[in-house]
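Hi everyone, thanks for coming.

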Amino acid sequence: MQKFDTDCELRLIDSNDLGKFYRYVNNKIVNKTGIGAIKSSTGNILHSDIDKAECFNEFFSSVFTADNGILPPVTSKAPPDSLVDVSFTYGDVVRAVRHLKCKTSLGPNGLSFVFIKSLSDGIAFPLMLISAQSRQSSTVPEIWKTAVVTPVHKKGLTSDVNNYRPISLTCICCKLMETIIKQKMLDYLLSSNLISKHQHGFLSKRSTCSQLLECVDDWTLALHNRYSVDVVYVDFSKAFDSVGHSKLLHKLESFGIGGKLLLWIRDYLYNRTQCVKVGNCF
């Protein structure tokens, strides 16, 4: 067993893949013993998995911000309907499937990532047809709008639900379609210079690491030239939960995204459901 682990680690080193390295390390240090007793909003200590799941679901649902429906003034940055549709080719689907991580977790439809990936060549064509039909009708199947949420501890007391973040597992078919649409939209936004060069994060080769390097370079240059440096950090608590869907669609429209693509995104965001999984209880 020790020789097997050593060989795996040597192959990992030879691969020179930073992502694989961090996934391997995280897999070794993550706590897989499950969720212990937690405290409910009324102060009761919960031990059963079903009670914990209900408590987490109540908490995760409570942190979402209700959209007031007021659309802020937004300056149009591109002509209307500059991007109204995206195409799905067999090659797009094959590439998306092959880039899936080999996870064994089951989605809401009972299929795992590793199962879909093992059938990539045979399943790509039917997936392309399903995705094309969804895109043409600008509708998303109901099962694709369901997420199975797993609470993952972040920091602090493990008995406090505030110290957990939700990890949502959705249907793999929808995840593949999301991946393709996201890439097509990114290509459009980058080619049209609609994304600031100062943005780091959610972009290829522009991460928190590149952001820190750029900041340190600016600060070092300023100090070298005897300028003072003021730094302001802003952290929005649960930022993604605070994004109003109507405002997001309004912003996308200002970037020239419209037609069937915008209608598909609107339907994708509408009437979503979730359930929390703790142990084998939902």
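**Charged side chains**

Let me begin with Asp49, which is partly exposed at 28% relative accessibility; in these terms, buried means under 20% relative accessible area, exposed means over 50%, and partly exposed is in between, with a 1.4 Å probe and protein chains only. Before we go on, the ground rules: this is a predicted model, where local features need pLDDT of at least 70, side-chain atom pairs count only at pLDDT 80 or more, and totals for chains, interfaces and linings use all residues. Residues are numbered from 1 along each chain as its sequence is written, and side-chain values use heavy atoms, leaving out hydrogens and water.

So what does Asp49 meet in a salt bridge? The partner is Lys52, at 3.7 Å from N to O. By salt bridge I mean a side-chain nitrogen of Lys or Arg within 4 Å of a carboxyl oxygen of Asp or Glu. Both residues sit in helix α3, residues 49-62, and being 3 residues apart they are separated by about one helical turn. Helices here are DSSP runs of H or I with at least four residues, numbered from the N terminus.

Next, please find helix α4, residues 90-98, where Asp92 and Arg95 lie 3 residues apart, about one turn of the helix. Their closest N and O atoms are 2.8 Å apart in a salt bridge. Asp92 is buried at 12% relative accessibility, while Arg95 is partly exposed at 47%.

Asp92 has another salt bridge, with Lys184, where the closest N and O atoms are 3.2 Å apart. This pair links distant parts of the chain, since Lys184 belongs to helix α7, residues 172-191, and is 92 residues away from Asp92. Lys184 is partly exposed, at 24% relative accessibility. Through shared partners, the salt bridges join Asp92, Arg95 and Lys184 into one network.

Last stop, the surface: Lys20, Arg23, Lys101 and Lys103 form a positive patch. Patch members have over 30% relative accessible area and no salt bridge, with like charges joined within 9 Å; the place of a charge is NZ of Lys or CZ of Arg. Lys103, one of the four, is in the loop between α4 and α5, the latter being 113-118. Lys103 is partly exposed, with a relative accessible area of 43%.

That's my tour, and I'm happy to take questions!

Key. Helices (H or I, at least four residues) and strands (E, at least two) are DSSP runs, numbered from the N terminus. Patches are made of residues with over 30% relative accessible area and no salt bridge: like charges are joined within 9 Å, nonpolar side chains (Val, Leu, Ile, Met, Phe, Trp, Tyr) within 5 Å. Accessible areas come from the Shrake-Rupley method with a 1.4 Å probe; for residues, only the protein chains shown count as cover. Lys and Arg count as positive and Asp and Glu as negative; His and the chain ends are not counted.
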